[in-house]
Amino acid sequence: MWEIMLYAAALIAAIALLIICIVGAVVLLSVKKNLDHVANTLDGVQGQIQGITRESTDLLHKTNRLVEDVQGKSQKVNSVFDAVNGLGYSVQNLNHSVDRVTNSVTHNVSKNEDQISQVVQWSNVAMEIADKWQNRRNRNDHMNQFKSNNNQTKNDTAVNPEYTTVDDVNDVNSPNIDRIHKEINDKEK
């Protein structure tokens with residue numbers, strides 16, 4: 001019986017060793033695939049780095065040429081800056097002159113402040129009168145237009161007791177006056 005158990009134990013150990021070898025082979029194949037993928041990725045990265053290095057070198061050469069060009073042009077522009085500096089002094093003198101004139105005008109305005117306020121008040125009154133005059137003229141024009149339209153409609157239609165007459169238009173207390181104003185406003189739109 002011991003022999004059978006010994007053989008069974010040896011068989012179980014051999015099967016376990018075979019399973020371990022199979023699992024190890026599967027793991028190693030998976031690791032190999034991953035390492036191959038990593039190697040391919042690194043090859044691609046290396047190619048990209050070489051491309052970036054070439055582009056960086058070209059960019060440095062272009063930058064150096066640009067710096068030399070800018071230095072040459074900045075030397076040519078120095079004379080322009082000298083002229084602008086002179087212009088700055090002229091503008092500063094002009095500003096001082098404008099300040100003096102502004103102070104003089106402000107002083108004169110404050111002396112005549114009462115007269116200016118009266119002119120502003122009278123101009124406001126005149127504008128209000130003009131606005132009221134214009135509103136009255138517009139209202140009369142609309143009423144005349146409404147009267148002429150009403151007369152034409154009166155001649156074209158039969159007598160209708162609900163229809164507004166010219167007397168209703170002239171009568172401010174007429175019950176139809178609100179409707180008349182509404183009709184006028186609708187026609188204006």
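Trainee: How much accessible surface does the protein have, and what share belongs to carbon and sulfur atoms?
Mentor: Good place to start, and keep in mind that this is a predicted model. The accessible surface of the protein comes to about 16700 Å². Of that surface, the share belonging to carbon and sulfur atoms is 61%.

Trainee: What percentage of the residues count as buried?
Mentor: Here a residue is buried if its relative accessible area is under 20%. The protein has 189 residues. The part of them that counts as buried is 6%.

Trainee: Which pattern does the protein follow along the sequence?
Mentor: Let's begin with the elements: there are four helices and zero strands. Read along the sequence, they give the pattern α-α-α-α.

Trainee: Which residue meets lysine 32 in a salt bridge?
Mentor: Look in helix H1, which covers residues 2–111. The N to O distance is 3.6 Å, and a salt bridge needs the nitrogen within 4 Å of the oxygen. The partner, partly exposed at 39% relative accessibility, is aspartate 36.

Trainee: And what is the N to O distance between lysine 73 and aspartate 69?
Mentor: These two are also in helix H1, four residues apart, so they are separated by about one helical turn. Aspartate 69 is partly exposed, with a relative accessible area of 36%. The side chains meet in a salt bridge, and the N to O distance is 3.4 Å.

Trainee: How many salt bridges does the count come to?
Mentor: One joins lysine 32 and aspartate 36. Another joins lysine 73 and aspartate 69. The count comes to two.

Key: Residues numbered from 1 in each chain as written. Predicted model: local features only at pLDDT ≥ 70, side-chain atom pairs only at ≥ 80, totals over all residues. Heavy atoms only, no water. Buried < 20%, exposed > 50% of the residue type's maximum accessible area, 1.4 Å probe, protein only. Areas by Shrake-Rupley, 256 points an atom, 1.4 Å probe, with all protein chains shown as cover.
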